[in-house]
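Reader: Please show me the structure. Then take me through the main features, step by step.

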Amino acid sequence: MNIRRQTVTTACAALFLATPAAIADIPPHPDEIEFPPLEFDPPDAADYRHTLETSAGSVPVYLAPSHEFPLISVVFTFKGGDDLDPPDRIGLAGAMAAMMRRGGTTTVPAEQMDEELDFLAAVAGASARGVTTTASLNSLAANFDESFALFMDMLRRPGWDRQRLEIYKEEQLERMKQRNDRPGSILSREWGFLVYGPDHFEGAMATASSIGSIRERDLAWMHGRIIHPGNLIIAATGDFEPDEMLRTLEQALAGWAPGEPVPDPPSPRATLAPGLYHVEMDLPQGRVNIGIRGIERDDPDYFPMVVMNRILGGGGFTSRIVSRVRSDEGLAYNAGSRMVPRVHYPGEFRATFQSKNRTVALAAKLILEEIETIRNEPVTVDELATARAALIETFPQRFESKDGMLRVFVNDEMTDRDPDYWKQYRDMVKAVTAEDVTRVARKYLRPDEMAILVVGPWEEIAPGDLDGRASMSELGTVTHLPMRDPLTLETQ
């Protein structure tokens, strides 16, 4: 008997043997199934937080031991990353983080470091992104002491192997050469320039010159700026005892001199200039961003904005943009919107899609219509209930793993989030009303201040759809942005 037939037979037998009372409890339709309310209390960061007193001051440590597997994961998160790159050394923080692992140490040559970590079946690495730099170690519990010693050597005494630095720079140059091969890369690059400006780290990109000019002394300078206990929060999960881990960490940090604390990242100086922008590229489907600067993370309007975006375009198939542009009109496979706040300055709201060249104008017009509608007409009771329920029901996913939970705690401490934020999260979502959604849509989604960026063949895109429902001329006068040289980012 095959597995499928056996499964069906077993199910039928179970149904046959079921008592009449049990069968009577089965609803006639799945819509009538009643589920008990989800009971979930978010974990309290204070229950996992410890403090190490070092020569550099107090270092927060979050520990979540688990004895399911004989593995230990340790993550050091340092404040400071791309935001500290000098204007003529864009990419320096990323190079420093990569070379901490790849360049060996002052006591262990690079090749020996590779061999020892491989022998121990340990994975160590570091990366700088945005406003933080993270270094992580994943190790077997049985040889954690040896692996962690190498990891700390990597952090405190990097060797900056010159040959490997040159290899790293060559790799970056090869990646740069491919920048203009991918439309998504071009869209992201030009959007960053428009929204944040090329002189802000959110918009800045490395060039062949900035990467090529990096020397060992530059890596050492950036390392001293970021990698020290004064910027540090530690998180550890896995097969260990908390007291023993704290002793190990205290010994590892002993004698590590503090550096100058990293300040909060700067706000962008650029102002988003509204209008229609285009970059020429031969594509079967045009790619489009439509957006505006948004709000800060701790803005009182944060929760109404989250709910509004969920209804407009961030809620998948239940959202208006997806329903109209994809489901109803069949104009785009990927369509939606994102509300991207930032902690220290306003972020952005962005609707995005890709569509056949001749229907780009129509899809953009429909999205702008949906933006106008949510600004001027109340959302329905069902839309509001669906958006709030989705946010509330997916809320526990942030804490479904110990690693994920500690990432939340570290980020909250790094950015000074209100300690009661997660306890209040669901109540704040529930409190959002239809009037709130309309209010924030009117306040922040201002179509006349939005930028529209299109990547694709203009001659095919501009006329619009064959039925004459929309053309790009309806969206304003276009500014054609020249394609940039992939290595210099200068316009060609």
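Questions and answers on this structure follow.

Author: This is a predicted model, where local features need pLDDT of at least 70, side-chain atom pairs count only at pLDDT 80 or more, and totals for chains, interfaces and linings use all residues. Residues are numbered from 1 along each chain as its sequence is written, and side-chain values use heavy atoms, leaving out hydrogens and water.

Reader: How many helices and strands does the protein have?
Author: Helices (H or I, at least four residues) and strands (E, at least two) are DSSP runs, numbered from the N terminus. By that count, the protein has 18 helices and 12 strands.

Reader: What share of the residues in the protein is buried?
Author: Buried means under 20% relative accessible area, exposed over 50%, and partly exposed in between, with a 1.4 Å probe and protein chains only. The protein has 492 residues, and the buried share is 49%.

Reader: Which strand runs antiparallel to β3, joined by seven bridges?
Author: Strands of a sheet pair through backbone hydrogen bonds, either parallel or antiparallel. β3 covers residues 71–79. Its Thr-77 has Ile-233 as bridge partner, and Ile-72 stands opposite Gly-238. The strand joined to β3 is β6 (residues 232–238).

Reader: In which sense do β2 and β6 pair?
Author: Strand β2 spans residues 57–65 and has five bridges to β6. The sense is parallel.

Reader: How many of the residues of β6 are buried?
Author: In a regular strand the side chains alternate between the two faces of the sheet. On one side of β6, Leu-232, Ile-234, Ala-236 and Gly-238 are buried; on the other, Ile-233, Ala-235 and Thr-237 are. The strand is largely enclosed by the rest of the structure, because the buried count is seven of the seven.

Reader: Which elements do the buried residues of α9 pack against?
Author: Helix α9 covers residues 216–226. Its buried residues include Leu-219, Met-222 and Ile-226. Contact means heavy atoms within 4.5 Å. The elements packed against are β3, α3, β5, α5 (144–156) and α6 (162–177).

Conventions. Two strands pair if DSSP finds at least two bridges between them.
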